[in-house]
Amino acid sequence: MSTVTVQVEEVKQLVIKKLTKEKVNKAYAEQIADVLTHADLRNVNSHGVLRTEHYINRLRAGGINPDANISFRSTGPVTGIVDGDDGFGHVIGNIAVDHAIKMAGENGVGMITVINSSHCGALSYFVQKATEAELIGMAMTHTDKIVVPFGGKASFLGTNPIAYGIPAKTKKPFILDMATSNVAFGKILQAREEGKEIPASWGVDENGIPVTDPNKVVSLSTFGGPKGYGLSVIVDVFSGLLAGAAFGPHISKMYGDLDKKRKLGHYFCVINPSFFTDKNHFLEQMDQMIEELQQVPSAPATERVYVPGEIEQLHEERNLEQGITIASSVYEFLKK
């Protein structure tokens with residue numbers, strides 16, 4: 001598969017132009033482009049601008065409301081609900097995490113559930129936002145069924161990602177963003193786009209047999225066997241049931257039923273360390289923990305120990321200078 005390397009600002013403007021052509025208001029388009037290019041900068045291309053075409057297809061079919069009237073309702077000093085009115089999850093997530101940050105600043109914690117949303121992109125974007133305010137961020141979202149429960153043959157759960165962001169004083173924040181499946185389905189899509197094989201642990205065919213051909217993947221596998229399975233259910237409870245949304249097999253498909261509103265739920269939590277301990281000491285200890293982890297002697301055939309999110313941060317530093325690399329077909333679609 002051929003690729004092209006383009007400066008991030010050019011790509012961002014192409015996404016904005018593409019979305020505004022579809023009657024998405026510019027402010028919303030800018031936020032969507034920011035979330036998508038955030039992923040590409042970190043080399044998490046499965047959640048990057050390649051998704052633009054899918055969003056546009058869903059928009060045209062009526063599955064996303066381009067003029068969503070996103071609303072917030074406070075339910076307590078540290079809790080609230082954001083109703084996304086079936087708009088873009090990237091924008092809805094931004095609004096939700098901003099409310100959680102405000103609550104955490106005032107009362108120590110902010111917890112927001114989201115209803116009537118759609119795909120929101122990489123969760124790392126939202127927890128990183130919390131770390132920029134020197135706060136701890138958590139985010140979860142359920143997705144439509146594509147993952148087999150441990151010991152099962154048919155899919156029931158989504159990839160159900162979870163993310164944490166923890167600030168440090170001088171070091172870059174600790175960012176953990178992971179699917180509870182072995183990989184996000186976007187990585188299967190990326191492998192299909194690139195014509196590459198995948199590890200057998202990523203997915204199974206219709207008979208539940210592991211496959212290396214991404215085109216034969218029917219369902220994904222959980223990471224860590226029963227451990228990933230258990231965490232996946234937890235994500236569905238927090239972002240689905242707690243939000244009053246659907247769960248597992250009752251969630252509208254992302255890559256099907258394009259005319260249906262997805263009605264996704266999300267969960268965001270932001271914690272202010274200063275309400276629990278001395279904030280400066282906390283940030284300094286995070287620096288110390290990160291540094292000591294990085295100094296752990298490496299095992300044979302490994303370069304060194306990295307902390308979660310560090311490799312993506314190094315990609316981001318390089319890509320901000322050199323540009324992001326995306327499939328040529330994606331770039332050509334954006335330029336049309």
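Colleague: Which residues in α4 meet which residues in α5?

Modeller: In this predicted model, the α4 side of the contact consists of G89, H90, G93, N94, V97, D98 and I101. On the α5 side are Y125, F126, K129 and A130. By class, this contact has five nonpolar, four polar and two charged residues.

Colleague: How should I read the spacing of such residues along a helix?

Modeller: An α-helix has 3.6 residues a turn, so residues three or four places apart point the same way. Here, G89, G93, V97 and I101 are among the α4 residues that meet α5.

Colleague: What describes the packing of two helices?

Modeller: The angle between the two axes and the distance between them describe the packing. For α4 (residues 89-107) and α5 (residues 124-132), the axes come within 10 Å and cross at roughly 25°. Angles under 35 degrees count as roughly parallel, and α4 and α5 are therefore roughly parallel to each other. Their crossing is right-handed.

Colleague: Are α1 and α2 roughly parallel or oblique to each other?

Modeller: The axes of α1 (residues 8-21) and α2 (residues 26-41) come within 9 Å and cross at roughly 140°. Roughly antiparallel would need an angle over 145 degrees; α1 and α2 are therefore oblique to each other. The crossing of α1 and α2 is right-handed. From α1, the residues in the contact are V8, V11, K12, V15, I16, L19 and T20. From α2 they are K26, A29, E30, I32, A33, D34, L36, T37 and L41. Sorted by class, that contact has 10 nonpolar, two polar and four charged residues.

Colleague: Back to α5. How many of its residues are buried?

Modeller: Buried means under 20% relative accessible area. Seven of the nine residues of α5 are buried, so α5 is largely enclosed by the rest of the structure. The buried ones are S124, Y125, F126, V127, Q128, A130 and T131. They pack against the helices α2 and α4, and against the strands β5 (136-141), β6 (162-166), β7 (174-178) and β10 (264-271). Just after α5, E134 takes a positive phi of about 60°.

Colleague: What do the totals for the protein chain look like?

Modeller: The protein chain has 10 helices and 11 strands. Of its 336 residues, 52% count as buried. A compact globule with 336 residues would have a radius of gyration near 20 Å, and the protein chain has 20 Å, which agrees. The C-alpha atoms fill a box of roughly 55 × 50 × 45 Å along the principal axes.

Colleague: What share of the contacts join residues at least 24 apart?

Modeller: Among contacts between residues at least 6 apart in sequence, the share is 68%.

Terms used:
Residues are numbered from 1 along each chain as its sequence is written. This is a predicted model: local features need pLDDT of at least 70, side-chain atom pairs count only at pLDDT 80 or more; totals for chains, interfaces and linings use all residues. Side-chain values use heavy atoms; hydrogens and water are left out. Axes are lines fitted to C-alpha atoms, for helices over the stretch in contact, and angles run from 0 to 180 degrees between N-to-C directions. Helices (H or I, at least four residues) and strands (E, at least two) are DSSP runs, numbered from the N terminus. Angles under 35 degrees count as roughly parallel, over 145 as roughly antiparallel, 65 to 115 as roughly perpendicular and the rest as oblique. A crossing is left-handed if the near helix is turned anticlockwise from the far one by less than a right angle, and right-handed if clockwise. Contact means heavy atoms within 4.5 Å. Ala, Val, Leu, Ile, Met, Phe, Trp, Tyr, Cys and Pro count as nonpolar, Asp, Glu, Lys and Arg as charged, and the others, Gly among them, as polar. The radius of gyration is taken over C-alpha atoms; the globule rule is 2.2 Å times the number of residues to the power 0.38. Buried means under 20% relative accessible area, exposed over 50%, partly exposed in between (1.4 Å probe, protein chains only).
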